[in-house]
Amino acid sequence: MVTPEILSGAGGGRRDPRSDRGVGAAAPVSPVDIDTAVVLLGAGVTAITHPLLYVKLLIQVGHEPQPPIIGTNLFGRKVLYLPGFFSYARHIVRVDGKRGLFRGLTPRIVSSAISTVVRSKLKQAIPLEDTEHVSNKDDIRTSLKKVVRETSHEMVVQCLSRIATHPFHVISIRCMAQFVGREVKYSGLIGSITKIFQEEGVSGFFVGLVPHVLGEVIFLWCCNLLAHFINTYAVDDNFTQAPAVRSYTKFVMGIAVSVLTYPFLLVADLMAVNNCGLAAGVPPNALIFRSWVHCWRHLSVEGQLFRGSSFFFRRVPLDTAALTMK
């Protein structure tokens with residue numbers, strides 16, 4: 001390995017003091033600098049996307065403050081559409097002002113920062129060796145073992161990261177859900193932590209954790225295994241664009257699988273609000289669920305397992321639409 005010390009002594013004689021400072025060469029970037037940059041970038045992305053997630057959360061809990069409008073579908077038939085993201089966001093601004101779009105942002109930024117640090121530390125403590133590219137040139141059995149090993153490592157890191165950040169996810173969800181009943185029960189990060197601990201104990205910080213972890217685990221395994229089998233059996237090495245196709249396979253699979261695992265996220269978010277003293281989590285706005293399985297079954301019967309998955313062209317449920325249009 002070539003080090004600065006070797007380079008500085010290779011020429012012999014008197015050394016230029018500037019060589020000790022590495023003039024002309026980039027200074028090494030420490031893991032701390034990388035983590036800091038990732039934390040700052042994550043905070044920026046979280047702040048920018050927060051209004052989207054805020055509106056989605058209100059839709060998930062079933063809060064529809066604006067009446068549906070009559071429109072037409074591609075076949076010219078009249079249908080009822082619920083307000084989309086922009087209409088919903090304008091309603092929030094009318095009620096709470098522009099700052100209202102960022103209700104619950106602070107715990108989300110804290111959650112993002114903790115997730116970045118935890119994942120970095122875990123990857124240092126539990127390193128994964130031999131993460132070379134998998135293609136159908138490798139022995140199929142060997143390449144599958146690589147995928148299983150890499151996915152198992154990623155699963156452990158993701159689960160531990162989720163456990164560490166879930167309390168802040170719960171706080172953020174409840175702060176946003178206060179819009180429904182205009183409560184101020186959860187105000188401030190420290191105040192929210194104290195309130196949850198006093199009323200529910202430690203378990204209150206982890207409501208909805210099981211479906212959230214299950215959804216992420218299923219997402220990881222389905223995404224990685226599907227991408228592996230497609231790259232191995234469907235993409236031919238003789239195809240000139242094979243490397244480019246393989247590089248996008250996991251991304252495309254991620255989009256497809258995220259749609260299928262969305263109900264786990266919905267159930268996790270509903271359980272975080274369920275029976276916590278907010279109007280959004282108690283009757284008549286919501287049932288009180290005994291467990292996340294009970295919540296899942298109720299949503300399945302009502303045909304609402306994908307509620308909030310779309311921001312635009314949100315159709316009113318058929319039974320509700322039939323009653324409204326009569």
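**Salt bridges and the sheet**

Modeller: Let's begin with a network: salt bridges link Asp96, Arg103 and Arg182. Keep in mind that this is a predicted model.

Biologist: How many salt bridges does the structure hold?

Modeller: Six salt bridges. One of them joins the side chains of arginine 314 and glutamate 64, at 2.8 Å from N to O.

Biologist: Where do arginine 314 and glutamate 64 sit in the chain?

Modeller: Arginine 314 is in strand 3, while glutamate 64 is in the loop between helix 3 (31–60) and strand 1.

Biologist: Is arginine 314 buried or exposed?

Modeller: Buried, because its relative accessible area is 8% and the cut-off for buried is under 20%. Glutamate 64 has 30% relative accessibility, so that residue counts as partly exposed.

Biologist: OK, on to the sheet. What is the strand order, and is the pairing parallel or antiparallel?

Modeller: The order is 1-2-3 in an open sheet of three strands, and the pairing is antiparallel.

Biologist: Which strands stand at the edges?

Modeller: Strand 1 (69–72) and strand 3 (314–315). Each has a single partner strand, so one side of each has no neighbour in the sheet.

Biologist: And how many bridges are there between strand 2 and strand 3?

Modeller: Two bridges, in the antiparallel sense, with strand 2 covering residues 78–82. Arginine 314 turns up again here: in strand 3, this residue is the bridge partner of leucine 82.

Biologist: Back to the charges. Which residue does arginine 162 form a salt bridge with?

Modeller: Glutamate 216, with the closest N and O atoms 2.9 Å apart. Arginine 162 lies in helix 6 (residues 140–181) and glutamate 216 in helix 8 (residues 209–234), so the pair ties together parts 54 residues apart in sequence.

Biologist: Are those two buried or exposed?

Modeller: Arginine 162 and glutamate 216 are both buried.

Biologist: What about arginine 174, which residue does its side chain meet in a salt bridge?

Modeller: Glutamate 200, at 2.7 Å from N to O.

Biologist: Buried or exposed, for arginine 174?

Modeller: Arginine 174 counts as buried, at 1% relative accessibility. Glutamate 200 is partly exposed, with a relative accessible area of 26%.

Notes. Residues are numbered from 1 along each chain as its sequence is written. This is a predicted model: local features need pLDDT of at least 70, side-chain atom pairs count only at pLDDT 80 or more; totals for chains, interfaces and linings use all residues. Side-chain values use heavy atoms; hydrogens and water are left out. Two strands pair if DSSP finds at least two bridges between them. Helices (H or I, at least four residues) and strands (E, at least two) are DSSP runs, numbered from the N terminus. A salt bridge is a side-chain nitrogen of Lys or Arg within 4 Å of a carboxyl oxygen of Asp or Glu. Buried means under 20% relative accessible area, exposed over 50%, partly exposed in between (1.4 Å probe, protein chains only).
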